[in-house]
Every structure is written in structure tokens, then in C-alpha cells.
Amino acid sequence: MLSQDLIKAALEKALSTGADYAEVFAEHTDSKTISMVSSKVDKIEDAVISGVGIRIFKGLRCVSGSTSSLLPEAVLACAEKVAGVLNDTPVISNVNLTERLFGDVHPIKVVPVSVANSTKIDYLREAYNAAKEYNEGISQVTGSFLDVDHKILIANSDGLLAQDRQIRSRIRIQAVASKAGENQTGSCSPGGRVGMELFDLHNPKEVGIEAAREAMVMINAGYINAGNMPVAIENGFGGVIFHEACGHSLEASSVAYGNSQFAGKLGTQIASAKVTAIDDGTIPNAWGSINIDDEGTPARRNVLIENGVLKSYMIDKFNGRRMGMESTGNSRRQSYAFAPTSRMTNTYIAAGNDSDEDIISSIEYGLYAAKMGGGSVNPVTGQFNFAVSEGYVVRNGKICEPVRGASLIGKGSDILMNIDMVGKNLRHGQGMCGASSGSIPTNVGQPLIRVSSITVGGR
Amino acid sequence: MNYQEFKNAVLAAAKENNLKDYELYYTESSGTSVEAYQSEINTFTSESSLGVCFKCIVNGKTGYASTENLTHEDALSLVKRSMENALSIESDEPSFIHKAGDNYLSYEAPEGSEPGSSELADFTLRLQSEVYKADSRVVDGTMSASGYDSSKYALCNSNGLDLEDTSSFSYSYAIALVSDGENKYDGEGIASGKLDDFDAAKIAAEAVDDAVSTIGYTSVPSGKYTVVFSSKVMAALLATYSSAFCADTAQKGLSLLAGKENTKVAADILTLTDDPLYKDALVKRTFDAEGAATYPKNVIEKGELTTLLYNLATAAKAGVKTTGNAAKASYASPVSIHPYSFYINPVKGSLDDLLGAAGEGIYVTSVEGLHAGANAITGDFSLSSGGFKIENGKKGKPVKGFTISGNFFSLLKDISLIGEDLKFNPFALGASRCGSPSILVEGITIAGK
């Protein structure tokens, strides 16, 4: 992408006005999304994203710049612009780069960028048709197949020079069921840090059927009565609740500035003793995995909460300075155009000891959230909200009729304390997480859990 | 190479491949921003980016490809990739390269020059100190930021169209953090336009009031309430459901407004307008993402749906003219449809008048999680909300931690009163943004304690 001489020159230029650290991030990404609607391929987005981001630190200050050009004069101009913000005597004048290979634990069997559109379309159509043909009540299906080939290079004034190639694939099917002027939707969108072998892991037919099944369940569902009740949240994407209610508040970008409900709480009990939560960027071929983060730190498995006690935050280099703590390999950015910050990778609640049967039968009246939609949180107040995309009423320990329109709201610190049963069967789900450094792929995960009481919005 | 050289290389490659119908879409943007923490500027960011998207028609199908890398090699690959992609398209949707001859509106570009980074930094530090001064409960974690963005958007095609719009503006905002000793609360204030016009004390007061006003909030008992939605909340709901007004969504069977043109879809007092050149918009558009002329129009007039928003293909399918609403989520995206300044027209009465008319109820001033808790296809929403009690026709104590739920399309019909206080979402700084006055609706379901 960039010659070693150019990188060295850019780093030295960036350091010329007194910075104590400089970093160059270069990227070349090929990304393709093939979309299908009304049983036909209707759009293909085919993009090349390329550019350079340069950052310098001086103490607790950070200056960053980016340009979409990889040309030497543009890269040096960007370094000069960044340096121009400081006005001190240089403390580092010479950078000696040592190239490092951190290895790749995510083997790719078939690289999607070298596969013809027609092959991708065949898989997409198989999933699409399975959804369309599931039931006459399915009025529309939309589908897409996305593949991203993200090549990154990171060099810094500590002498690091590292590269990584992150390949991801994902299929999404959304089915719409219609009845009496009403619509309901169902979706299924598995993905991974994998190539075309995604379809060995996820049979396209089953993806389509799952989306259609959910839409059909929901079109025949009534509404839940609002109120406070115990809720059992299913594994897989159900883990979004930890991601939102707690994960964001453990990111250094909010902890470093004291505006997280969990700032200053290391070593204290912040969750019920049933809860052990982990952020693990090293899971082979997982959607949120990375070999190195976007500052060049190798990915790690970080235990965030162990038996309810807060053990670690997720930290990047810049915010780590303010906290006096080392990076945990969690610095991420959507692209060169976003300055990186601390983000999640694959975040999950670890398996516990309760059986799924015991969890459901413990609920006299409550909600079983079989599938969760997205959610959001305000890290300052800890207030979160989630949509339940497929929910059922639980009565006398039995899962009964489906209900639509349910949402879960509350405060992160309360819900963590209220997780009183944790199942054994851990699964992950895929999501795109948005924050100041852009939209990045993350996994969420958990086994079936029970929250003793939570506010359920309905009508 | 620069854009002009790249453009020439792409057009030459298009000719070489015997393409008759093609278009080159170009965006360029640059920006500078600074952020303050405590009493120091702690981050400074500058960015400059460009992107090019080539579109061609092969055998009646449209293919796209884009790049940010302006090299000769990329120019050739851009044309090749878009042609390959066109061959994979199966949709019968008609393909168009827009013809010249539209009557394009014009607007006066705002005066003012680009603020230097030291001006941005000075203002931000002043704003930060105003926030701390505004209330003794303001704590660290409070941040202020300012920035300047400029962008260019250009389109040329094989029919001889060669169009360009530019925009530039500054913005400055504060996120105030206050603590009552036990809990923390946040609030925001923003100004946009010309830096010289910004009033630091006013932005600070807005952010601090927003945070302080929620101190000591309680929940509300579940039930049905008369609700006054603040202009901010109603604008946010409208933005979430704006895709339902777009013909591409409707023609795919993903909008409950499909086929509802010339029928009642809202209360009689509601008129909804889409205006590409609305007077105070920071980014105005004289042509859309296909090169068609833009113009203002009513989408709902006195409760009746008058038109959906169209681009060339959806208009051809419906047998109407494009409304000039073709848009791209980014330069790399295929064409879709977006509104511009999209707003519910003001009717009558201040916010106080609406609260008075409500008598008892809830004044909802914030909703969270719209991307998850609101579904544009079904119209259903169930949203974590905050606001104030309405007691004896006046704004009362703060309330939070409850959900409001319902269906947006039913809500449009159930609106009883629309105020005169039209405001746009101040944080929507692009060409597409929504606005509304305060509105009053009866019988909204609330789940609280």
C-alpha cells in the first residue's frame, strides 16, 4: 500500500512539532453488496475504499487527519497538516520501523473478492426462495450478500509496522408477512470472518426459512400488556442486551472521561455473581474477530466481569494514557476516515449452570424473548432500550402465545444485578455497532438468561 | 491524478467499451473539528476525502462501481466492474441516464469564509467554560466541540449534463454532564451555520437546561395518556418513517402508504412538505442524484397523501414524473430515494397552548433507540422515552424510564393539534432532515411502573 520509506517520512514529519507518538494507518478495502428484491437481483454496490489516517499524541492531546489519497504527496501533506497543530521542539526525530507478523488465526477457504457475482447470487437466491416459498402469507422478501476484503497497515513511532487482511462475509434475509393491512417482519443474517465457506456453516435455505418463520409467527401475534415482569432472553443475538446495557459503558472512550456509570468500579461487584462476561477478539473466524486492532495491538481475550466483579475495561492507546492503563487490543475504526477508539469485538456472557427448562419453568408470568432486535444505550445514565423482535408470553412456567411490539428498557447497572439465572448453551449473533469511530462488525452472545424484573413496553 | 484527469480517463474508457449511457458522480469533502475536555482542546481532527461512482447501462440494466483511488488503473477497473455488475442485474426496473433540459432552481450561497482552526479552538474553549459557569452541578465529562465542513457534489453524464452543488458550514455543540451527587445526567445544545453568529452562552444554557431539567425524574404509571410530542421527538419519528413516503420502498411492498395516493392518511390539519431549498437548510440541492431538477412539494395536503417521493425509475413505473428525490446514502451507493427538508407545516398555538389544551398528560421530549424500537415497514414503535408530566395544563415534574408505543400511521390520523413552533432536528446537518412543530395526540399507550 505505502512504501516503508514513505511511512517513515510521514511519521517523522508528523513528529516534527513535538508530538511524543505518531501513527500511520493505511487501508485498501474492496466491498461488494448484492441485493435482491421481488425475486430479482436489483442492485449491486461495488466499492473501493482507500486512504490514510495519521494521528499524533502529545500527552493527553490527540491530533488526527485523514485523506482518501494514497499518493506520497497527499500522505506527506496530511502528516504536515497534523503536525501543524502543535508548535514545540521535536522529542523524537528518528523512526526505525521493524516489520512484524502477528499471524492469522482466521483461515479463509474461498476469498469472496475472487468469486464471480453469479456464484454469490446462486447462494442468495437459494436463501431468498426458501423464504418466499415458506408460506403464502409472505408478501415480500429482501436479501443481500455482503463481502468485504479489508487490508490495513499500521505503523507507529515505537517502530511497529504491521499489516492485516480482514475478510468478512454475511447474508441477510428479511421476510415480510402481510395480513389485513398489517405488516410484520422476520430476519436472519448470519456472518463471519469467513469467505464463501459461510454457506458451509449456514445452509442458505435455513437462513431463508428462519426469516420467514419469524415473520409468520409475528403476523399472527397479539400485543403484550406493558409492565414489569421477569424476562428470559434467548442465546445468540440476545447478547445484545449485555452489549448495550454494559459493554458500551466499559469502553475507555466513556470510562476515561468519568462519564460511565462503571468508571472507578474496578474490583467491585457490578453484576450478580452469576455473570461472567468476556470480550474476545481472538475467536477463530468470528464476525467481530481481529488479529490486531487498528493501533496494531494483538487481539486478546479480556475477562470484563468475573462472577459479578468488574475486572477490566476495553482500552485503546489514547484513552489508556488518561487512565494510566495499557491497551487491551480494543482500538477499532470503520475506516481510515474515522479516528479509532475503544470498541468491542466479540462480547458475551459466559455459559452458566442453569438448564433452559429450569429458567422457563421458574417464570409464573413474564416474557420469553426468543429473538432480539437492536438496541441503544446512553453510557452516562446507563439507560438502555431494546426491541424484542420475536417474543412469547410465559404463563405458569410454559411458553405460550407470541406477542409483538415489546421493548425492554432499564438501567444497565440494575439489569446486571437482576440477571439471576444463566443457562449452559452459549451462542453468538452478529451485528454492526455504531459509535464515534464508525460502524464496525461485532459479535454479541450469551446462553439463555433470566432477568428477574425488567420494564416491558407494549400496549 | 486529479479529478479532472481521472474523469477524462473514465470517459475515454467508457467510449472504448462502446458504452452509450453512463454517468459519473463525484463527491468531495473536507472538514476540521476540535473537541475540548475540562479546559483544554484534547482532540483536533482534519479530513479530506473524495469518492467517484460510475454508473452505466448495459442491455437495459444499470451497473455501478465506485472508488476513492484516483489512478489510471482504477479508472479502467471502474468501468469494467460496473459493466460486469450491470450484467448481473435481473430487475425489470427501467434504467435511465437523465436528459438535459430541466429547469434548475438556484439559491444564494451563504457568505462567510472558512474559520481557522484557532478560531474553532477559541470558540470551543469559550463554550466549554460557559457550560461550567452555567450551573454548579456541571462535572468533568462535559465536552464541547466545533467544526467546519465543506463539500462538493457533481454529476456529469452521456447526455451532456454537467452539474455541481457546493455547501459549507460551521457547527458547535456542547454535551453537558451534571451530577446531583448520586446520578449523572447529560444534555446537549448546538448551533450551526456561521461561526460568527454563534452564541456560546446560549448553546451552553441549552445543554445545561437539557441535563438539569431531568434531575429527580420518576417513572409514570402504565396507561393511556394524552401526549404532547416536542418538535424534536416528532421530527425524529418522522425521520424514522420517512422511507414509507418513498416510492422505491412502496413499490417493493415495504410501505403501508403504497397505493394510498389521493386518500386520507393523516388528520385534516396535517400538511407535510418536502423542500430541497428550504431557507435555513445548511445543505441545499438544485439537482438530485440522477441529475433531475429538484423542487418543493407537499406530500400530504390537509391529511390527503398527494404524492410519494420519486426518482426516474419509480416514476416511470408509476406513470408519473420524477419528484427529483433520487439520493445516495454515500457516493458509492446505488440510487435510492430520500426527502430533503421534510416537515410538518406549522398550524397554530405555542407549546404552552398545547400543554394547556392537554390539561393532564405527558409532554414527551426525548425518545431513544429509534433504529431498533421503530419499524418503518410495520409502522409499530415502542420507545424508551423521557419528558415531563402535564399537570393543570402546565409543564410539571420530569419523568423518564417509560415506553411510548403505537403505530406511526395511526398516530398521523390521531393528531388533534399541531403547534406553530416548527423546528428541524438541529443535529441533522446534511441535505436530508426532518422538522415538526409540537403536536398533541390523545390515547397514547405508556408502559411505566
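**Exercise 1.** How many salt bridges does the count between chain A and chain B give? Name one pair of side chains that meet in a salt bridge.

*Solution.* The model is predicted. Step one: the count between chain A and chain B comes to four salt bridges. Step two: A salt bridge joins the side chains of A:Asp42 and B:Lys252, with an N to O distance of 3.8 Å. This pair qualifies because the cut-off is 4 Å from a side-chain nitrogen of Lys or Arg to a carboxyl oxygen of Asp or Glu.

**Exercise 2.** Describe the interface of chain A and chain B by its contacts, its area and its composition.

*Solution.* Begin with the contacts: 72 residues of chain A touch 68 residues of chain B. Next comes the area: about 5,400 Å² is buried between chain A and chain B, and carbon and sulfur atoms give 47% of it. On the side of chain A, the residues that lose the most area to chain B are A:Lys43, A:Asp46 and A:Gln383, together 11% of what that side buries. Strand S2 (residues 40-58) of chain A supplies the largest share of the chain A side, 11 residues. Finally, the composition of that side is 27 nonpolar, 32 polar and 13 charged residues.

Conventions:
Residues are numbered from 1 along each chain as its sequence is written. Chains are lettered from A and ligands numbered from 1 in the order in which they are written. This is a predicted model: local features need pLDDT of at least 70, side-chain atom pairs count only at pLDDT 80 or more; totals for chains, interfaces and linings use all residues. Side-chain values use heavy atoms; hydrogens and water are left out. Contact means heavy atoms within 4.5 Å. Buried area is the accessible area (1.4 Å probe) that two parts lose on being put together, summed over both. Helices (H or I, at least four residues) and strands (E, at least two) are DSSP runs, numbered from the N terminus. Ala, Val, Leu, Ile, Met, Phe, Trp, Tyr, Cys and Pro count as nonpolar, Asp, Glu, Lys and Arg as charged, and the others, Gly among them, as polar.
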